[in-house]
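Here is a friendly briefing to read alongside a two-chain model. Keep the sequence and the 3D view open as you go.

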Amino acid sequence: MSETTTPRLDVHKTYKLFVGGKFPRSESGRVYEVTDRKTGDWLANVPQGTRKDTRDAVAAARKAVGGWSGATAYNRGQILYRAAEMLQGRREQFAAEVALSEGVSTKKAAALVEAAVDRWVWYAGWTDKVAQIAGSANPVAGPYFNLSTPEPTGVVGVVAPTRGNGFSLLGLVSAIAPVIATGNTAVVALAPDAPLPGLSLGEVLATSDLPGGVVNLVSGRTEDIAPTLASHQDVNALDLTGVNSPEGPGSARALETLAADTLKRVRRPDVTDDWTAAQGTDRLLAFLETKTVWHPMGI
Amino acid sequence: MASPQKTKKKTGAVAAPAPAPAPAPVPGRKLFEYAPAPESRAAAGEIASSNGHFIGGEFVGSSGKEALKTVDPSTEEVLAEFAQGTEEDVERAVKAARDAFGPWSALPGAERGKYLFRIARIIQERSRELAVLESIDNGKPIRETRDVDLPLVAAHFFYYAGWADKLEFASYGPDPKPVGVAAQVIPWNFPLLMLAWKIAPALATGNTVVLKPAETTPLTALRFAEICRQAGLPKGVVNIVTGDGRTGAALTAHPGVDKVAFTGSTEVGRAIARTLAGTRTRLSLELGGKAANIVFDDAPVDQAVEGIVDGIFFNQGHVCCAGSRLLVQESVHDEVMESLKRRMATLRVGDPLDKNTDVGAINSAAQLARIRELADAGEAEGAERWSPACELPSSGYWFAPTVFTNVSATHRVAREEIFGPVLSVLTFRTPEEAVAKANNTPYGLSAGIWTEKGSRILWMASKLRAGVVWSNTFNKFDPTSPFGGYKESGYGREGGRHGLEAYLDV
């Protein structure tokens with residue numbers, strides 16, 4: 001008997017958005033082509049998220065604020081750590097996507113993925129400590145108890161990193177983790193040219209006990225997604241890390257002008273060129289409000 | 001600390017029988033008659049009839065010819081003329097601040113701190129003069145300037161003086177650097193106190209400043225310039241440019257400025273944020289408010305009423321964190337309102353320099369017109385308006401303490417910041433409803449909670465979207481206590497360790 005062996009055909013993944021804990025296609029039905037950074041070869045058709053997709057994501061993020069900000073810091077820390085565990089288990093897949101997205105070797109990409117795992121762990125440990133470094137007991141000149149504590153600001157629109165060593169996954173995690181560690185929820189405009197690690201990160205988060213809507217990932221044109229976030233009444237803050245257009249609707253100037261209408265807190269564009277560098281606390285502290293509570297003392 | 005407030009424990013049974021619909025107190029009823037006890041106007045010192053700016057350590061004239069007038073709002077008498085700062089004036093001031101920045105920021109923190117300690121001491125020494133001057137220029141009662149504003153001004157400089165050589169311990173890194181030249185624009189409601197909130201942390205951290213006081217209250221800022229000279233403060237570290245919004249716009253948009261700090265209306269705050277969009281200029285904003293003061297049925301009514309009165313009638317209601325929306329639990333609405341009206345009838349409205357005065361003059365004709373417009377809108381929209389019988393002086397800008405009942409959440413008096421002695425009363429049944437109503441505003445500066453139940457205070461405090469929550473008290477301020485808003489009440493904090501951040505390059 002002669003055996004004919006035909007090579008097995010791979011099953012390709014359909015990349016989809018991550019909104020409200022689900023994986024929808026773009027409401028527009030549109031996709032765009034993502035290519036290999038080095039060779040320009042076609043990699044995937046990814047959803048071209050629209051303004052409407054972004055608004056849906058904001059609605060999901062707003063809905064998630066109460067539960068997530070009300071969860072205990074310990075619980076949030078466990079869930080962030082769980083995200084690290086899930087990412088660790090899928091590091092080969094992510095290494096392949098990072099290599100293609102950033103045009104680096106698989107070996108280097110693997111190191112970047114491991115750094116991303118470690119970054120989740122770093123921020124997981126912060127959830128129940130940030131109030132202790134950002135809060136204060138205030139010795140007012142009178143018989144009053146007076147305490148300042150940080151609280152999450154609410155929904156944060158994040159323009160994901162678009163450059164710098166490790167931007168596509170490590171940079172993305174470095175932007176998302178501090179936002180949600182403190183109890184905010186996030187709507188993320190993924191790097192338009194390198195969205196694959198980000199879209200796959202949704203699968204990690206979906207299996208990490210993270211409540212739906214806490215992180216929402218939208219691929220598409222920044223000039224559609226970012227202005228929608230900047231002008232949205234239900235977005236409290238913006239992280240413009242990945243913004244690099246000098247002008248036009250996706251520029252910092254345009255986005256900050258829109259954000260001024262509702263006085264959003266804005267973290268301005270970042271010039272990080274290496275996401276493997278150790279992080280400080282500035283991203284954790286950027287999206288916090290300080291609440292000060294007074295009460296008289298007496299008998 | 002805010003005005004000393006006598007609080008009495010409620011005596012007797014908690015469950016008072018529901019009283020009949022609030023009877024109007026006896027018109028004009030006073031517990032005691034007071035003989036006038038006026039503070040001496042002369043204590044304010046000589047007020048120059050015409051004033052320029054303070055730039056580079058010198059009092060200088062404006063490059064322009066336009067002069068504005070500041071009036072005593074209790075008499076409409078012109079107190080002085082002052083310069084309308086031009087773009088050229090702003091340019092000179094920013095340059096003076098820039099020139100001074102290098103040497104000032106290079107000073108050892110301990111030396112910078114000693115200048116601030118000197119300023120604090122001179123303010124204490126001259127506090128009577130400054131209190132009287134502030135009352136005359138602003139219209140607020142001397143009792144407030146004397147007992148609240150001036151002590152807090154000195155305390156603020158004292159507090160930040162001590163930070164100047166301890167910045168490495170403030171948790172902003174091992175060697176935090178100043179931002180540079182700070183442009184600071186302040187409002188008219190607490191002229192000297194807002195100056196202190198701006199200048200003290202900026203100088204302690206090594207910045208130099210150009211400050212623009214409000215166009216209706218420039219006098220104490222100019223007097224402060226004299227204090228800087230008495231303290232021997234290096235030239236150009238503090239510059240004061242007077243003028244109206246045009247001067248403020250020129251200053252906040254100046255490309256030579258590294259940091260803008262603004263306290264004032266949300267509308268102007270938005271405009272500044274737009275102007276600075278796309279730049280690297282740092283910005284902190286302390287804007288409007290529409291605070292809920294929430295009274296539960298177990299609250300000691302007498303204490304709560306004192307807090308309500310302090311919350312909305314302190315400083316004529318010209319307070320961004322004023323408790324302008326009273327949310328009272330339905331079951332005690334009538335009891336609280338009856339007590340509140342009785343208390344309001346004892347408020348003495350009149351001469352700001354009379355030491356007995358509780359409520360002074362409205363700061364300006366424009367502000368009075370705004371308060372009248374909103375109060376009229378309240379009536380037109382169907383809310384019920386009440387004021388105690390109260391004789392108002394024939395000249396000057398005055399508005400009687402006013403309360404609106406039957407207010408719905410959609411009424412303008414429930415939504416818009418009135419910035420005057422006008423209280424809107426709404427009711428609620430459950431704590432959840434109170435939270436929802438309290439948070440139903442684009443603002444988020446402050447809130448008040450009155451209840452005897454500790455767990456409820458903490459639950460409410462955690463749910464209220466406001467930067468300052470006063471529980472069983474209201475309108476308390478302290479230099480160690482961070483102050484600032486959520487949402488459209490602005491961003492950044494003033495006061496405390498947190499207040500350093502706005503002036504550090506972190």
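Predicted model: local features only at pLDDT ≥ 70, side-chain atom pairs only at ≥ 80, totals over all residues.

Residues are numbered from 1 along each chain as its sequence is written, while chains are lettered from A and ligands numbered from 1 in the order in which they are written.

**Where chains A and B touch**

- Chain A brings 29 residues into contact with 33 residues of chain B; two residues are in contact if their C-beta atoms, placed from the backbone, lie within 7 Å.
- On the chain A side, the elements giving two or more residues are β4 (144-152), α9 (252-260) and β10 (288-296). Helices (H or I, at least four residues) and strands (E, at least two) are DSSP runs, numbered from the N terminus.
- β10(A) gives the most to this side, with eight residues.
- Sorted by class, this side of chain A has eleven nonpolar, eleven polar and seven charged residues. Here Ala, Val, Leu, Ile, Met, Phe, Trp, Tyr, Cys and Pro count as nonpolar, Asp, Glu, Lys and Arg as charged, and the others, Gly among them, as polar.
- β10(A) also pairs with strand β17 (residues 468-471) of chain B, in the parallel sense and over three bridges; strands pair if DSSP finds at least two bridges between them.
- W294(A) has W470(B), in β17(B), as its bridge partner.

**The two domains of chain B**

- Chain B is divided into domain 1 (41-287 + 486-503) and domain 2 (292-471), with bounds that come from an automatic or database domain assignment.
- Taken over C-alpha atoms, the centres of domain 1 and domain 2 of chain B are separated by 30 Å.
- The contact takes 22 residues from domain 1 of chain B and 27 residues from domain 2 of chain B.

**Helix α11 of chain B**

- Q367(B), I371(B), L374(B), A375(B) and G378(B) of α11(B) are buried. A residue is buried if 20 or more other C-beta atoms lie within 10 Å of its own, exposed if 12 or fewer, and partly exposed in between, with C-beta atoms placed from the backbone.
- Seen down the axis of α11(B), the buried residues fall within an arc of 100°, so they line one face of the helix; the arc is that of the directions from the helix axis to the C-beta atoms.
- A366(B), A369(B), E379(B) and A380(B), on the other side of α11(B), are exposed.
- The buried residues of α11(B) pack against β13 (384-386), β14 (402-405), α12 (412-415) and β15 (422-428) of chain B.
- Just after α11(B) comes G382(B), with a positive phi of about 105°.

**Strand β6 of chain A**

- Strand β6 (residues 185-189) of chain A is largely enclosed by the rest of the structure, because five of its five residues are buried.
- T185(A), V187(A) and A189(A) point one way from β6(A), and A186(A) and V188(A) point the other way.
- Strand β5 (residues 155-159) of chain A pairs with β6(A) in the parallel sense over five bridges, and V156(A) has A186(A) as its bridge partner.
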